[in-house]
There are 2 protein chains.
Amino acid sequence: MRFWGWGEDAFAGEAPAAALAWLTRELGGLGDPAPHVALQDVCVGESALPGALRERFGEILRDDHAARVRHARGKSYPDLVRQRAGDALDAPDAVLTPRGHDEVRAVLQACVAAGVAVVPFGGGTSVVGGLEPLRGAHAAVISLDLGALDAVELLDERSRLVVAGAGLRVAELEARVRERGLTLGHFPQSFEYVSVGGCAATRSAGQASTGYGRFEELVQGVRLAAPAGDLDLAPRPASAAGPELRRMVVGSEGVLGAITQVALRLRTAPEYERYEGWMFSSFEAGAEALRDVVQSGVAPDVARLSDEAETRSNLGMAGLGSVAGAALRGYVKARRVGGGCLAVVGWDGTEEVVRARRAGTTERLRAGGGAQLGQQFGRAWQRSRFHGPYLRDHVMDHGLFVETLETATTWANLHHLYRVVASALAGHAQIVGCHVSHLYPTGASLYFMFLDRARRGEEIEQWRAAKRAACDAIVAGGGTITHHHAVGVDHVPWMAAEAGDTGLDALRALKAQLDPASVMNPGKLLPAG
Amino acid sequence: MRFWGWGEDAFAGEAPAAALAWLTRELGGLGDPAPHVALQDVCVGESALPGALRERFGEILRDDHAARVRHARGKSYPDLVRQRAGDALDAPDAVLTPRGHDEVRAVLQACVAAGVAVVPFGGGTSVVGGLEPLRGAHAAVISLDLGALDAVELLDERSRLVVAGAGLRVAELEARVRERGLTLGHFPQSFEYVSVGGCAATRSAGQASTGYGRFEELVQGVRLAAPAGDLDLAPRPASAAGPELRRMVVGSEGVLGAITQVALRLRTAPEYERYEGWMFSSFEAGAEALRDVVQSGVAPDVARLSDEAETRSNLGMAGLGSVAGAALRGYVKARRVGGGCLAVVGWDGTEEVVRARRAGTTERLRAGGGAQLGQQFGRAWQRSRFHGPYLRDHVMDHGLFVETLETATTWANLHHLYRVVASALAGHAQIVGCHVSHLYPTGASLYFMFLDRARRGEEIEQWRAAKRAACDAIVAGGGTITHHHAVGVDHVPWMAAEAGDTGLDALRALKAQLDPASVMNPGKLLPAG
């Protein structure tokens, strides 16, 4: 991973000329070029790691400049702003890479003894500050890189169950189970880098989670190394034995301990996929059609509906010569309308099953006023589905401020929440778009993207003002503070609104029990009590 | 509800002559008749309720003999043995029936102040001792009857969401939402009496949960009155904001507080239902076919497969003249086989959707060697689906010992677990049957029924020995200690094996936070620390 941005140079591609041209027009010009510093020019502080840890774990410890910089943060906009500027003064004092569950436990216990904070590190893709190297009350902090826990421990084809080390990348797991004709079906935008432990720790949802289920639904068992002991929850399809402990571990974001192993539900790999574009006259009309689809039990595996602004910006940035542009022109011509909202819907399965399911969805979408744009649009979406973070790097190179955030609410409240959040963001960014990304019988998610010229030297303040306005609006509007990005540090100020004081106290009691010295991931998830 | 058994006299029917005749043959005779005592002959102890509670809550308090007897226990076999014998010496000292959430809170706080234990009471249907009036370290105990919290607070048709008071019976809720063309789809055997709060507190699963989802999946929001404060979790389709608090409340069995309100997901009520019988040559063959069905994404809403012994006992007890008997004879004649395993499969929906889904299931069941028996068998099952507990009363009248228990495991482990539990029970009961009752992609449930002549005067010891043997076998065999009956008092000895020491400590920490005086439902769910 590039220390200052997403992914690897080899996959980043060229700066997309059409997108930059469109943004130049929309924003009245780009910002000043904002290149990132070279790796060797990033500033890190002196390592304050206690000698005891260094002596005991020398074999799995790195504290060289590059390792510390690369583990200093995740991939949120403020993370990248600081990395690009070469500011990693707070970098972790060392990176430890244990080779198994027992070594994770040993590291945690040594950190408790030495008074060192621990930030679990999986794929390094957090976009909410989940990897900030905060020290809490401690003098030092280590990054606990779980990358060496990457084994497939068990592949039980009969039970459609895989048990994997927490550090295994989801992409690698997917490749491994595909060899046996199975799929995990979990495709977040971070798919190529995210780890299975990270997905569990953050209650991840992927682009196909409408069909395959959220990560928390895929988790059948989990192993947590906590300072106070191991929580080892064997894979079970279901149980009624008390509150669901695995759902206390899933979503715990490293504050209770480090997830070392996850058991996951698999499905038969699809023989056939069909993805296609649809057009609706308005966001409301499209959302109504999707509501009908999911409540009628004929939801596709992927369903994404852009609002008017996102449709316009996606098409603008893709360029008029693109597949999407051609599809839109065809629609506009056929319908004699001035605009509309694009949707992508997709089904996986056997060809026969996809045909039957698609017939059910299509009938409802048509009844809801949708017009089919064909498969070329869907295929274009599939090809570019993991490219978003690279595009962010390109536009940041050109001095732009770009961020995303997401929420969810009931269908009855969806448009109200959409309007209040969009309106709050409009005060902070020239371009604000939104899409529905996940469908549920009782509601849906809203994913906002916003973009403007960065205020040079005040990027973090600019970001914070927009983020605060949006989150306040989400809470006041009845949404959840996060649908799939997790809490990290960015959403901590709104956790009291989400969980209530009694809920926060319950979570704090859990933490006090499992991590009594409070070394695990300070400052994340829970506001100070 | 009859204080000594299930339901109401008017619905109990006559003792089924065919069943008793078959049991007489199988067991080598019935036991001695074992009638229940009359209500007025049940012994209760002197009420030890502190005067302060009596003065403050006189308006909602009952401590007459009948109320105390009726709230003394649930409906497990040992519960009924004691009630029938007139032993309610440990009956709660009073029954309080608060009229709303705030009054529940006030009662809990008064109980904390007075040092009185609280047993939340919903429909009164626990089969695991969840309503035992245990006092813990306190001198008195009240039954907190939530029956007056029976309002439908909100019916949001657009979001397919209903918010109901915890005391509302599921049957009543179902009737109310059906008026609007919706269904909850939750049909446990206790359907006619169980409350929505009770289903949430115990992680209930119903007969159609393979299709509609377990109760924990239906819960979109929940309100808990805990001694330490309110936990008020607004309905959300999904969230990634930390560990899932609602799953800490769901399954908490009254030990953290009293659930006062539940928000539940609804579906469109089916226009059409089709239930039919199937026959498989063996339990293994039938389970394999069901595994294929659920892993291929073509599971029916209801799927139940009896093993050879349960098939034989169901048919024997139904009588040769019954629909089921006729179906079996038809099968035996057509196939020229000596026996087999019966299954019931059912689909709900529009006629068109049921036809399409049924075609998918049927193809797979046939490929798995199944033979269709037709709808008359399915309809017979539907008619009798809530009759089991009445039948238990009839056979207990005739001096028999009858109990059920359930577990779940992965598909790869299903037959191993089945064999070890059946074998453990065979040492304790002449008749042992089992069925698969719920399907999941990664595994299934196993529901055991066992029956023998009761040892008069030693009924509880007889039950305890069988229960212990089965539960030890479940834990050693890799199953969960309960799939949908909950923990109550009966499964407490196996909770350490289920959750591990660290897991138990985490649950205890939650309890200490929410119920610091430990008044809530002592002795349930958690072993003493």
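The paragraphs below walk through this predicted model, from the pair of chains down to single strands and helices.

Residues count from 1 along each chain as its sequence is written, and chains are lettered from A, with ligands numbered from 1, in the order in which they are written. Because the model is predicted, local features need pLDDT of at least 70 and side-chain atom pairs count only at pLDDT 80 or more, while totals for chains, interfaces and linings use all residues; side-chain values use heavy atoms, leaving out hydrogens and water.

Let's begin with confidence. For the complex, the predictor gives an ipTM of 0.96 and a pTM of 0.97.

Now for how the chains are arranged. Two copies of a chain are related by a rotation about an axis and a shift along it.

Helices (H or I, at least four residues) and strands (E, at least two) are DSSP runs numbered from the N terminus, and two strands pair if DSSP finds at least two bridges between them. Five strands form an open sheet in the order β7-β8-β12-β10-β11 of chain B, with antiparallel pairing. At its edges stand β7 and β11 (229-233) of chain B, each with a single partner strand, so one side of each has no neighbour in the sheet. From one strand to the next, the twist averages 10 degrees.

Strand β7 (residues 152-156) and strand β8 (residues 161-165) of chain B run antiparallel and are joined by four bridges. Leu154(B) stands opposite Val163(B), and Leu155(B) has Val162(B) as its bridge partner. Four residues lie between the strands of this hairpin, where Arg160(B) takes a positive phi near 50 degrees.

At the other end of the sheet, turn to chain A. Five bridges join β10 (residues 219-226) of chain A to β11(A), and the two run antiparallel. Arg223(A) has Asp232(A) of β11(A) as its bridge partner. Helix α6 (residues 101-114) of chain A packs on the sheet, touching β10, β11 and β12 (258-265) of chain A, with its direction at about 40 degrees to that of β10(A). Contact here means heavy atoms within 4.5 Å, and angles run from 0 to 180 degrees between N-to-C directions, with axes fitted to C-alpha atoms, for helices over the stretch in contact.

Finally, a helix pair in chain B. The axes of α2 (residues 17-27) and α13 (residues 308-318) of chain B come within 6 Å and cross at roughly 130 degrees. That makes α2(B) oblique to α13(B). Among the residues making the contact are Trp22(B) and Leu23(B) of α2(B) and Arg312(B) and Met317(B) of α13(B).

Key. Angles under 35 degrees count as roughly parallel, over 145 as roughly antiparallel, 65 to 115 as roughly perpendicular and the rest as oblique.
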